[in-house]
Amino acid sequence: MFTRAIVKTPCRNMVNGISSSNLGKPDYELALKQHENYIKALKECGLNVTMLDPDENFPDSTFIEDVCLITPGCAIITNPGADSRRDEIISISRIVNELGLPVERIKSPGFLDAGDIMMVKNHYFAGLSDRTNKEGTSQLNNILKKYNYTSSTIELETVLHLKTGISYLENNNLLAFGEFLTKEALKKFNILEVAKDESYAANSVWINDKVLVPRGFPKTKKMIEKQGYKTIAVDVSEFRKLDGGLSCLSLRF
Ligand code: CIR
């Protein structure tokens, strides 16, 4: 059960964010509208949403999920793997200090984007990616241990972040596509296979028994509904142009 979310309004400079998508530059005004609708969806799931101001110094800072991992026991400020994103942690640190949780940090030479972390109850799967290295996941493991959590790593092959390819929908249900369909570490889950032509929808978000699904992926939406979840489709086309998905746009805790 989550009660809160933190989001960060996209900045005008988002059009210069990191991208490998070949989908063109995002339309800023449309992105703002989509962000507002995303916030509405979070509220529909019962979350109290804290909104942070845009920061023109960091084009990718609306992808707030990457800079912090909030567990029930502690908040972990990450050390983002992309140079241009590293100092995004300065502003998130201020907010996180107000949460009343112990604050931990990943430090260089450890790098970690929290988009690479997937929580399954008291266990955290950590993707080893272009952004997250072994030193980063080893620091994460040591921090989590202190709070009686466990973690394990999964090597990524094709996707940017772990949660680009898989999403845990609770009740042992895991949404997955491509390289994640055959990973030994994930075999214990009831895998809901996302079709190749809908792979972007593998990044969907469970919030209090509802699931946010990106708009435009009807097969995945139906498959999730068949499992008994109520879904909310949210259009995030402008964030997709920057390789971002639904989960990247908020911290949920
Ligand atoms: C980046 O490359 O860092 C951003 N353009 C997209 C980050 C997406 N975040 C995520 O998947 N957790």
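Strand E13 (residues 210-214) and E14 run parallel and are joined by 5 bridges. Helices (H or I, at least four residues) and strands (E, at least two) are DSSP runs numbered from the N terminus, and two strands pair if DSSP finds at least two bridges between them. The model is predicted: local features need pLDDT of at least 70, side-chain atom pairs count only at pLDDT 80 or more, and totals for chains, interfaces and linings use all residues. Residues are numbered from 1 along each chain as its sequence is written, and side-chain values use heavy atoms, with hydrogens and water left out.

**Sheet E12-E13-E14**

- The parallel pair E13 and E14 belongs to an open sheet of 3 strands in the order E12-E13-E14, with mixed pairing.
- E12 and strand E14 (230-234) are the edge strands, each with a single partner strand, so one side of each has no neighbour in the sheet.
- Neighbouring strands of this sheet are turned by 30° against each other on average, direction ignored; axes are lines fitted to C-alpha atoms, for helices over the stretch in contact, and angles run from 0 to 180 degrees between N-to-C directions.
- Leucine 212 stands opposite isoleucine 232 in E14.
- Helix H1 (residues 28-44) lies across E12, E13 and E14 and runs at about 165° to E14, where contact means heavy atoms within 4.5 Å.
- Helix H5 (residues 218-226) lies across E13 and E14, at about 160° to E14.

**Sheet E3-E4-E5**

- A further open sheet of 3 strands has the order E3-E4-E5, again with mixed pairing.
- Strand E3 (68-70) and strand E5 (103-105) form its edges; each has a single partner strand, so one side of each is left without a neighbour in the sheet.
- On average, neighbouring strands of this sheet are turned by 20° against each other, direction ignored.
- Strand E4 (residues 75-77) and E5 run parallel and are joined by 3 bridges; alanine 75 has valine 103 in E5 as its bridge partner.
- Helix H2 (residues 89-97) lies across E3, E4 and E5, running at about 165° to E4.
- Helix H3 (residues 134-146) also lies across E3, E4 and E5, running at about 160° to E5.

**Cavities**

- On a 1 Å grid over the protein atoms alone, a cavity is a set of points where a 1.4 Å probe fits but cannot get out, and lining residues have an atom within 4 Å of a point.
- There are 3 cavities of 30 Å³ or more; grid points are joined across faces, edges and corners, and a volume is the space filled by probe spheres set on the points.
- The largest cavity holds about 400 Å³ of space, and among its 23 lining residues Phe2, Glu65, Met119, Lys163 and Arg252 lie nearest its centre.
- E3, strand E6 (117-120), strand E9 (166-168), strand E12 (205-207) and strand E15 (251-252) each supply at least two residues of the lining of the largest cavity.
- That lining has 14 nonpolar, 5 polar and 4 charged residues; Ala, Val, Leu, Ile, Met, Phe, Trp, Tyr, Cys and Pro count as nonpolar, Asp, Glu, Lys and Arg as charged, and the others, Gly among them, as polar.
- The second largest cavity holds about 100 Å³, and its lining residues include Asp60, Asp66, Arg85, Arg131 and Asp243.
- By class, the lining of the second largest cavity has 5 nonpolar, 2 polar and 5 charged residues.

**Pockets**

- A pocket is an open set of grid points with protein on both sides within 12 Å along at least five of seven lines.
- The largest pocket has a volume of about 410 Å³; it is lined by 21 residues, of which Val159, Leu160, Thr164, Tyr200 and Asp243 are the closest to its centre.
- The lining of the largest pocket comprises 6 nonpolar, 11 polar and 4 charged residues.
- The second largest pocket, of about 240 Å³, is lined by 15 residues, with Met1, Phe2, Pro72, Met119 and Phe253 nearest its centre.
- Its lining divides into 9 nonpolar, 3 polar and 3 charged residues.

**Aromatic pairs and backbone**

- The structure holds 6 aromatic pairs (ring centres of Phe, Tyr and Trp, the last by its six-membered ring, within 6.5 Å; planes under 30 degrees apart are stacked, over 60 edge-to-face, the rest tilted).
- One of the pairs is edge-to-face: tyrosine 124 and tyrosine 149 lie 5.5 Å apart centre to centre, with 65° between the planes.
- This pair links distant parts of the chain, 25 residues apart, with tyrosine 124 in strand E7 (residues 123-128) and tyrosine 149 in the loop between H3 and strand E8 (150-155).
- Serine 108 and proline 109 are joined by a cis peptide bond with omega of about 5°, and proline 109 is in the loop between E5 and E6.
- Asparagine 172, in the loop between E9 and strand E10 (173-176), has a positive phi near 70° although the residue is other than glycine.
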